[in-house]
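Me: I have a structure open and would like to go through some side-chain details. Could you take my questions one at a time?

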Amino acid sequence: MRNGKQYVESLKDNRTIYIGGERVKDVTTHPAFAGIVNTFSKMYDMSADPANGMTYTTEDGTVANKMFMIPRSREDLAARREAMYKWAEATCGFAGRSPDHVASFLAGFASHPEVFGDRAKYVIDFYKYARDNDLFVTYVIIPPQIDRSKAANEQEEKFLPVGVYEEREDGIVVRGSQMLGTSSAVSNYLFCSCITPLRPGDEDYAISFVVPMDAPGLKLYARPSFAADKPSTFDYPLSTQYDESDSLVVFEDVFIPWEHVFVYKDIEATRAQFHGTPAHVLGNNQAQTRLSAKLKFVIGVARKVTEMNGTDKFPQVQERLGELASQAAMVEGMLMASEYQCSIDKNGVARPNARYLYGVVGMQDTIYSSVIRILRELVGGGVLQVPSSYKEMINPETKDDMRKYIRSSTGAKGEEKVKLFKLAWDIIGSEFGGRHQQYEMFYNGAPFVVKGYSFRNYGYGEPVAIVDRFLASYGLPGNETAKTEKEIEVG
Ligand SMILES: Cc1cc2nc3c(=O)[nH]c(=O)nc-3n(C[C@H](O)[C@H](O)[C@H](O)COP(=O)(O)OP(=O)(O)OC[C@H]3O[C@@H](n4cnc5c(N)ncnc54)[C@H](O)[C@@H]3O)c2cc1C
């Protein structure tokens with residue numbers, strides 16, 4: 001188990017990140033990344049502290065972070081969730097790509113090594129290496145947005161999405177790009193593959209591999225920082241601490257040794273690594289654990305805002321708060337149901353129930369948009385009557401006005417109200433807040449993709465059979481064709 005200091009030290013390498021037209025010299029101190037590095041560092045301190053119960057004894061007898069656990073029972077799933085929830089709470093659910101996300105995928109891969117054929121040993125070896133060194137792995141598994149109507153091999157140039165440029169005796173050279181590396185700038189390794197369906201002819205793109213962040217030729221182009229230009233954490237508490245950064249990742253002839261290649265020119269294995277192993281369900285189990293923590297935090301802010309403004313006494317406001325409560329409870333309930341109704345697969349792995357897991361995954365963009373809309377409605381213009389920065393709160397010329405006019409009849413001081421409403425704005429209106437609405441809508445694929453998961457995993461046989469039974473129970477008047485239960489079952 002490594003602590004926060006060791007995590008920070010691990011980032012001081014020769015990685016190539018560009019932001020604002022310049023190469024980042026030290027990601028741990030650069031203003032765009034220092035806030036999130038500090039946050040993840042505190043999280044590693046948390047998991048390293050035995051008092052927090054975030055470790056487990058591995059199948060090899062070593063002690064590791066529970067994020068790497070291969071769950072073998074319902075109890076294991078619960079233990080994993082409780083540890084991940086502690087981390088999610090540490091960022092109020094606002095760090096989507098904390099280290100436990102891809103760790104869950106790696107555990108899923110390693111639990112079904114047969115999917116990787118003769119490359120299985122490499123998958124297990126890397127999983128154990130990451131687990132035993134408590135590494136932070138992120139991923140890029142989506143081709144860049146260029147022409148979504150065309151297959152990888154039909155794009156204008158051969159290496160726009162990442163693909164195999166050269167095969168060597170000791171490994172492969174990859175060239176191209178992939179989106180969208182959240183937290184990659186502050187991680188140790190990158191997992192790269194393609195989760196969008198590949199077609200015959202796309203074999204050069206049907207790969208998966210891991211690569212250290214300082215590999216020669218690996219370049220990250222980060223989007224604008226939402227942390228760097230902010231006056232203080234008081235003004236933007238989420239932006240300054242939890243902006244994970246997202247990056248376009250470019251592979252300029254990056255060498256990948258064979259032991260880091262999990263899938264090689266195999267369209268079926270590229271798909272099966274996600275869906276033929278428990279990787280996707282375990283990754284989404286982590287994602288819903290985080291979402292549950294986030295929704296609790298957001299509805300807590302809603303409740304406090306209405307108390308502060310005295311609107312919580314209005315029945316109409318209680319109705320809106322009730323709707324928020326229902327949405328948060330639904331996500332938490334579906335997470336619990338998927339865990340409770342888990343099944344043990346042929347390799348002895350406990351898989352969260354897909355009906356409930358993907359049921360909530362499919363509704364996530366709708367739920368989060370709705371929660372944000374209701375919070376907007378409840379805060380009104382209060383989020384914009386706050387001063388431009390904390391400085392008005394301390395400047396002798398302005399501080400009295402601030403305290404007199406930005407106040408609450410609850411007895412809360414002016415700065416408490418400003419603090420709360422600035423937090424609400426960081427959720428609903430800042431660039432960070434806007435990015436989070438985009439994140440919840442897209443991080444798992446576009447809405448039509450996630451609803452497709454729900455469609456495929458619900459198990460429509462059961463509801464269709466119910467309707468068939470009902471339809472078979474009556475007929476045309478005068479020509480009753482009602483069948484017995486037994487006849488219906490026989491067909
Ligand atoms: C903030 C953020 C962080 C992310 N982090 C990561 C990360 O760390 N790693 C990672 O791998 N991915 C990450 N993603 C997800 C990923 O990069 C994509 O956003 C996601 O897979 C959807 O692809 P896209 O954005 O290109 O949207 P598109 O696939 O282009 O879809 C956009 C819209 O186009 C339409 N459309 C596109 N294709 C079709 C089609 N075939 N049929 C019908 N309609 C279609 C739909 O209206 C769709 O909503 C992140 C996304 C966001 C927004």
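Me: Which side chain does the side chain of Asp246 contact at 2.6 Å, apart from Arg223?
Reply: The side chain of Asp246 makes a polar contact of 2.6 Å with that of Thr182. A polar contact is a pair of N or O atoms within 3.5 Å; within protein, one must be able to donate a hydrogen and the other to accept it, and residues adjacent in sequence count only if both atoms are side-chain atoms. The model is predicted: local features need pLDDT of at least 70, side-chain atom pairs count only at pLDDT 80 or more, and totals for chains, interfaces and linings use all residues. Residues are numbered from 1 along each chain as its sequence is written, and side-chain values use heavy atoms, with hydrogens and water left out.

Me: And Arg223, what is the distance there?
Reply: The side chains of Arg223 and Asp246 are joined by a polar contact of 2.6 Å.

Me: Is Asp246 buried or exposed?
Reply: Asp246 counts as buried, because its relative accessibility is 7% (buried means under 20% relative accessible area, exposed over 50%, partly exposed in between, with a 1.4 Å probe and protein chains only).

Me: What else does Asp246 touch?
Reply: Leaving aside residues up to four places away in sequence, its contacts include Leu180, Gly181, Tyr221, Ala222 and Arg435 (contact means heavy atoms within 4.5 Å).

Me: Changing topic: how many disulfides are there?
Reply: There are 0 disulfides, a disulfide being a pair of cysteine sulfur atoms within 2.5 Å.
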